[in-house]
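This report describes a single protein chain for a reader who has its sequence and three-dimensional structure at hand.

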Amino acid sequence: MANAKLEADEVDRRLGALVGWSVQQGKLHREYRFADFVEAFGFMSAAALVAERMNHHPEWFNVWATVRVDLTTHDAGGITAKDFDLAAAMERLAAGHPDPVSHDEATRPGVGPPK
């Protein structure tokens, strides 16, 4: 099953590759701090496009320059590989690296700006 809940030892192993992430209340958790609201909201907008393409949506909260993210796969009852994939994509975006998908895919109907 592609969305199988990961065992605790596998979650711990994968956390080693994600600096700044932890497990809180059974979810992957990260708090990002940006220079200002526009930068924080820009990150959220870019992450939303990735999440939509993955059909995997974060629980998140924004106040001015802070974005708090929690990731879990509800239908699996916990943390899955999909959560780690989204976390890694968010890390790339937060570091200023664009999402590595083609422009055509990023702008398909219902995702991103119209062509």
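## A buried glycine

Gly-78 is buried, with a relative accessible area of 4%, where buried means under 20% relative accessible area, exposed means over 50% and partly exposed lies in between (1.4 Å probe, protein chains only). This glycine has its place in the loop between β4 and α3; helices (H or I, at least four residues) and strands (E, at least two) are DSSP runs, numbered from the N terminus. Leaving aside neighbours within four places in sequence, Gly-78 is in contact with Lys-5, Thr-72, Thr-73 and Asp-83, contact meaning heavy atoms within 4.5 Å. The C-alpha atoms of Gly-78 and Lys-5 are separated by 5.5 Å, although the two residues are 73 residues apart along the chain.

The model is predicted, and local features need pLDDT of at least 70, side-chain atom pairs count only at pLDDT 80 or more, while totals for chains, interfaces and linings use all residues. Residues are numbered from 1 along each chain as its sequence is written, and side-chain values use heavy atoms, with hydrogens and water left out.

## The chain as a whole

The secondary structure comes to four helices and four strands, and read along the sequence these follow the pattern α-β-β-α-β-β-α-α. Of the 115 residues in the chain, buried residues make up 37%. Among contacts between residues at least 6 apart in sequence, 65% join residues at least 24 apart.

## The sheet and its helices

The four strands form an open sheet in the order β1-β2-β4-β3, with antiparallel pairing; two strands pair if DSSP finds at least two bridges between them. The edge strands are β1 (22-24) and β3 (59-63), each of which pairs on one side only. Neighbouring strands of this sheet are turned by 30° against each other on average, direction ignored, with axes taken as lines fitted to C-alpha atoms, for helices over the stretch in contact, and angles running from 0 to 180 degrees between N-to-C directions. Strand β2 (residues 27-33) is joined to strand β4 (residues 66-71) by six bridges, the two running antiparallel, and Arg-33 has Thr-66 in β4 as its bridge partner. Five bridges join β3 to β4, again antiparallel, and Phe-61 stands opposite Arg-68 in β4.

Helix α2 (residues 37-54) lies across β2, β3 and β4 and runs at about 160° to β3. Helix α3 (residues 81-94) also lies across β2, β3 and β4, running at about 10° to β2.

Most residues other than glycine have a negative phi, and most peptide bonds are trans. Gln-25, although not a glycine, has a positive phi of about 55°; this glutamine is placed in the loop between β1 and β2 and counts as exposed at 81% relative accessibility. Trp-64 lies in the turn of the hairpin that β3 and β4 form with two residues between them, and has a positive phi of about 45°. Trp-64 is exposed, with a relative accessible area of 55%.

## The core and its aromatic rings

Which residues touch the most other members of the largest nonpolar core? Of its 24 residues, they are Trp-21, Leu-28, Tyr-32, Phe-43, Val-67, Phe-84 and Met-90; a nonpolar core is a set of buried Ala, Val, Leu, Ile, Met, Phe, Trp, Tyr and Cys residues joined through side-chain atoms within 4.5 Å. The elements α1 (8-15), β2, α2, β4 and α3 each supply at least two residues of this core. Not counting residues up to four places away in sequence, Leu-28 touches a list of residues that includes Leu-15, Trp-21, Val-69, Ile-79, Phe-84 and Ala-87.

The structure holds five aromatic pairs; rings of Phe, Tyr and Trp (its six-membered ring) pair if their centres lie within 6.5 Å, and planes under 30 degrees apart count as stacked, over 60 as edge-to-face and the rest as tilted. Phe-34 and Phe-43 form a tilted pair, 5.1 Å centre to centre with 35° between the planes. Phe-34 counts as buried at 13% relative accessibility, and Phe-43 is buried with a relative accessible area of 5%. Ring pairs link Trp-21, Tyr-32, Phe-34 and Phe-43 into a cluster. The charged end of Arg-30 sits over the ring of Tyr-32, 4.3 Å from its centre, a description that applies if NZ of Lys or CZ of Arg is within 6 Å of the ring centre and within 35 degrees of the ring normal.
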